[in-house]
Amino acid sequence: MRSTFRKTFAKYVTLFIVPVVAFSCLFVYINMRTNEKSATNYLDGVQKQMCGELDILYSALENMALHMSGNDAILNFDALSDVEKIQTLDGYVQNVPANVELMFFSRIGLEVYIQGQRWSYAEFEDSEYFDEALNYVGFFTTLNRTSTIRVRPAGTQQNGGEQYASVIAAPVPVMSSSQTGCVAFLIRSQYFEELTEKYFPQTDLEFYVFDTMNEVLYRGGTELTEEQLSDVVRNSAVGISERTVGGTDYLVMRNISSQQNMTYVALIPTAELFEYGK
């Protein structure tokens, strides 16, 4: 009797319970993969939006520099009175986004104009607007000698700035063999910090911006070493990929700017993907 019951029960388990468990496991796996794909697509779209906003910023500032280069008052800046100089620059400062400082450097008078004030370069170095890291990227030389519009880092890996992440420098006039000044836009690190928080709130995001020479214009993370970061940029394809870096699994999103040709790289731990896939 008991033997017959056991055989019947075993058949029941084999025919009904095992398939149900197997199907449940398959369902969970499919659901997890679906959520992961959904999260991946969502994050990729968000990162592209964020990068698009950065493209707009850099393009807008470069266009402003070009406009200043064609402004007669700017072209004859050293002939203006101090009041006229400040008024001329204030018309542009009002259109500069928050966390970006507009600075004008006269190559004739070797003077700095920023936030309605005029200083010698030495006085600028002693001001609250100066960051020691600028010395490590040859900022004074850039102001004096750059002959084209350039986007440059505001510090180095070893000597990163506390205030600024990157600098746009444009000679005045841009297209001339006789350039008498330089417009510089100092983009604060806070701009990038607020941007990443806006698009990726409460996420352990590693976000980096590289120029066309693969110099780091912004480093929004502390987990990766210079060698690891270089490896990610060199070996990650454009788009979405997965990599293990320093023992942590990451989703890597790498995009190339369509307007500035800069590279944007974002890394997020894969363990956080399911929070976005729910």
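## Ground rules

Buried means under 20% relative accessible area, exposed means over 50%, and partly exposed lies in between (1.4 Å probe, protein chains only). Helices (H or I, at least four residues) and strands (E, at least two) are DSSP runs, numbered from the N terminus.

Please keep in mind that this is a predicted model, in which local features need pLDDT of at least 70 and side-chain atom pairs count only at pLDDT 80 or more, while totals for chains, interfaces and linings use all residues. Residues are numbered from 1 along each chain as its sequence is written, and side-chain values use heavy atoms, with hydrogens and water left out.

Let's start with helix α7, which spans residues 226-235. Its buried residues are Leu229, Val232 and Val233. Viewed down the axis of α7, these buried residues fall within an arc of 95 degrees (taken from the directions from the helix axis to the C-beta atoms), so they line one face of the helix. An α-helix has 3.6 residues a turn, so residues three or four places apart point the same way.

What does the buried side of α7 pack against? The buried residues pack against β7 (206-210), β8 (216-220), β9, β10 (248-256) and β11 (263-269), where contact means heavy atoms within 4.5 Å. On the face turned away from the buried side, α7 carries the exposed residues Glu227 and Arg234.

Side chains of opposite charge can pair when their charged atoms come close. Here a salt bridge is a side-chain nitrogen of Lys or Arg within 4 Å of a carboxyl oxygen of Asp or Glu, and by this rule the count comes to five.

One of them joins Arg243 and Asp231, with 2.6 Å from N to O. Arg243 sits in strand β9 (residues 239-245) and Asp231 in helix α7, so this pair ties together parts that are twelve residues apart in sequence. Both partners are partly exposed: Arg243 has 23% relative accessibility, and Asp231 has 25%.

## A buried pair and a network

Arg188 forms a salt bridge with Glu101, and their closest N and O atoms are 3.1 Å apart. This pair links distant parts of the chain, with Arg188 in strand β6 (residues 181-188) and Glu101 in strand β1 (residues 100-106), 87 residues apart. Arg188 counts as buried because its relative accessibility is 16%; Glu101, at 9%, is buried too.

Glu111 pairs with Arg118, the closest N and O atoms being 3.9 Å apart. At 42% relative accessibility, Arg118 is partly exposed. Salt bridges with shared partners join Asp82, Glu111 and Arg118 into one network.
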